Structures are given as C-alpha cells and as structure tokens.
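Reader: Before we discuss individual side chains, I would like each label to be tied to its cut-off. Please begin with the terms and then apply them.

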Amino acid sequence: MTVTPRPGFHLAIPVDDLDRARAFYGGVLGLAEGRSADAWVDWNFYGHQMVTHVVPAARQADAGHNPVDGHDVPVPHFGLILSIDDFHALADRIRAGGGTFVIEPYLRFAGEPGEQWTMFFRDPAGNALEFKAFRDESQIFAK
C-alpha cells in the first residue's frame, strides 16, 4: 500500500492563560513549543501547527452535543488519528497529568469496518479534543 503524505493543518484556538496552556500542551501532551509572543504560542501538534491565542474570558459554551454510542460528544472538537500504541500512551499521559476524560478511551466498531479507539478530553481553557486510533487506517472512511 502506498501512503500519501497528508497535508499539514494550521489551527488556532482560544485560551485564557498561556501558562496553563504551556503546562497542558507542553507538559501533559508533550508537544514541542515553537515561536511565541506575549499573547500566543505555536505548538508542534504531531507535525501540524496549532496556535494557542490568549483571548481572556473567550471560552464559549459548546455549540451542542451529539449522541454517539451512548455518549454526549461535545461540538466543536478537534484532534488527531494516532497509532494504537501512541493513542494508549497519550491516554496514560492524560491520566498521569491528572486529567479527566469527557469520554473515557473505548473501542468502537469492534470487529467491523472502521474499528477504532476513541477518547475525548478538554484542555484547561475548555477546548474539547478527540483522539482516535484505527486498527487499519485504510478503513478511516469505511462504511
């Protein structure tokens, strides 16, 4: 199978405290910090550029929740697809860092097309993140 490189994405999100963002993204998630200024920090989000911008008291309530597998999935959310090993290592980092899950890591579609692990948690500013891991990444869009 030929793997096509994925284009990198750029995402900017609001945070209310850069020190807490640094502790979470740099400390708990282990992301490398790039350029920064008094009001923003670039992060190497697994090869993608994510920027935390200070916007005091900017946290909005979720737009809503969608029921998925008996869970209330927060909307909006963002994240990445990781290898299964990296997914479980990240879950361990969240637990070790004292984080809590909005939705605990669990396996969806076991034995079916698109079998995947998924988990949801929030950063200190309340932004929802979802990370996934597929048994077979060629089935990411399988029906």
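Author: Buried means a relative accessible area under 20%, exposed means over 50%, and partly exposed covers the values in between, computed with a 1.4 Å probe on protein chains only. The model is a predicted one, in which local features need pLDDT of at least 70 and side-chain atom pairs count only at pLDDT 80 or more, whereas totals for chains, interfaces and linings use all residues. Residues are numbered from 1 along each chain as its sequence is written, and side-chain values use heavy atoms, with hydrogens and water left out.

Reader: Why is Asp42 called buried?

Author: The relative accessible area of Asp42 is 7%, and because buried means under 20%, the label applies. Asp42 is found in strand β3, where strands are DSSP runs of E with at least two residues and helices are runs of H or I with at least four, numbered from the N terminus.

Reader: What makes the pairing of Asp42 and Arg35 a salt bridge?

Author: A salt bridge needs a side-chain nitrogen of Lys or Arg within 4 Å of a carboxyl oxygen of Asp or Glu. The N to O distance for Asp42 and Arg35 is 3.1 Å, so the pair meets the criterion. Arg35, at 58% relative accessibility, counts as exposed, while Asp42 is buried.

Reader: Which other residues does Asp42 touch?

Author: Contact means heavy atoms within 4.5 Å. Not counting residues up to four places away in sequence, Asp42 touches Ala32, Glu33, Gly34, Arg35, Gln49, Met50 and Val51. With Gln49 there is also a side-chain polar contact of 3.4 Å, that term being kept for N or O atoms within 3.5 Å, where within protein one must be able to donate a hydrogen and the other to accept it, and residues adjacent in sequence count only if both atoms are side-chain atoms.

Reader: What makes Arg95 and Glu104 a salt bridge, given closest N and O atoms 3.7 Å apart?

Author: The limit is 4 Å, so the distance of 3.7 Å still qualifies. Salt bridges that share partners join Asp92, Arg95 and Glu104 into one network. Arg95 at 42% relative accessibility counts as partly exposed, and Glu104 at 46% counts as partly exposed.

Reader: Why is the aromatic pair of Tyr25 and Trp43 called tilted?

Author: Rings of Phe, Tyr and Trp (its six-membered ring) pair if their centres lie within 6.5 Å, with planes under 30 degrees apart counted as stacked, over 60 as edge-to-face and the rest as tilted. By this rule the count comes to 11 aromatic pairs. Tyr25 and Trp43 are 6.1 Å apart, centre to centre, with 35° between the planes, so the pair falls in the tilted class. Because Tyr25 lies in helix α1 and Trp43 in strand β3, the pair ties together parts that are 18 residues apart in sequence. Tyr25 is buried at 0% relative accessibility, and Trp43 is buried at 3%.

Reader: How do you know that Phe45 and Phe78 link distant parts of the chain?

Author: Phe45 is in strand β3 and Phe78 in strand β7, 33 residues apart. Their rings form a tilted pair, 5.9 Å centre to centre with 55° between the planes, and both Phe45 and Phe78 are buried.

Reader: What makes a set of residues a nonpolar core, and which residues have the most contacts inside the largest one?

Author: Such a core is a set of buried Ala, Val, Leu, Ile, Met, Phe, Trp, Tyr and Cys residues joined through side-chain atoms within 4.5 Å. The largest has 27 residues, and those with the most contacts inside it are Tyr25, Phe121 and Phe131. Helix α1 gives the most to this core, with 5 residues.
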